[in-house]
Amino acid sequence: MVDHIMKRRFGYIRKKTGYLIFFLVWSAIISQPIHGQTGDAILAWGEMENSGSNIYFSQRTHQKWSEPTRLSVSDKPEILPTLASNTKGEMWVIWTQLNDLGGKLRFRHYQNGEWDLSKTIETPTTSDMAPSAIVDGNGDTWLVWSGTDQTDDDIFFSRWKNGHWTSPLRVNTDDHWPDILPQLSLTSTGMPQVTWSGYDGNKYSAFFMQWTGTNWGPERVADEPLGHLSDPMAKSAGTDMAAIISDLPEFVTDMNQATIHFRRQGKANTIRLGSR
């Protein structure tokens, strides 16, 4: 049944737009402030095994990757993780766990040298996909994803406050068309910006909204494709970033299921791998 749902939900996106393939092969470079872990990169990925797809984590320190740590504990397929870290040395890994209705968001939180137990992010929707996380210029952790009630897909967001995720709220303008595949980045002032693919009845276009400090600003159509809307400073990836990516551990067998978060020159950058 899960396989059927996976094909139905993802097949719908692929049939309507081709954005599933776009999402898996696009390397989205998102700049965010550098934070306090000792390693120079952290990596999360989905690994196909006999029991299904599981989420793993590794950290690179002194040019050496740590042994994989399994973060997911379910026998259901777990896919497409995202990463974030803050100034206190905390880390978050969030992913989609597939189920008979589509998927739900699961996460693990790292603090004080250990991972908390895996938990579900409670949402008002029946299926949630494609999470993206970031830490803003004020040190606040943000999460966006595409959620559906089986009639319409919308973009939702939540923030980490007092040890938990806040109640999800919708980002995009309420309409009857699918809004999918959100991606967080930062503006030049360190404010969150979310971009996504939205259908207008005829075609899919790139949309974006920026946080004003109190709420989301107006929804606007992007002048550039989604892959060109990240922070310009993050686009100037140097040889040190390339060296880390070229040194990815051999135990990651499917780069399309991997996300890497690394540090350079006062910035931390998150890349979904696939088009290397």
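These exercises examine a core residue and the core around it in a predicted model. In this predicted model, local features need pLDDT of at least 70, side-chain atom pairs count only at pLDDT 80 or more, and totals for chains, interfaces and linings use all residues. Residues are numbered from 1 along each chain as its sequence is written, and side-chain values use heavy atoms, with hydrogens and water left out.

**Exercise 1.** Determine whether Val 194 is buried or exposed.

Solution. Step one: buried means under 20% relative accessible area, exposed over 50%, and partly exposed in between (1.4 Å probe, protein chains only). Step two: Val 194 has 0% relative accessibility and therefore counts as buried.

**Exercise 2.** Describe the largest nonpolar core.

Solution. Step one: a nonpolar core is a set of buried Ala, Val, Leu, Ile, Met, Phe, Trp, Tyr and Cys residues joined through side-chain atoms within 4.5 Å. Step two: the largest has 14 residues, and Val 194 and Trp 216 are among those with the most contacts inside it. Step three: strands S12, S13, S16, S17 and S18 each supply at least two residues of this core.

**Exercise 3.** Name residues that Trp 216 contacts, leaving aside neighbours within four places in sequence.

Solution. Step one: contact means heavy atoms within 4.5 Å. Step two: the partners of Trp 216 include Trp 142, Phe 157, Val 171 and Val 194.

How values were computed
Helix = DSSP H or I, 4+ residues; strand = E, 2+ residues; numbered from the N terminus.
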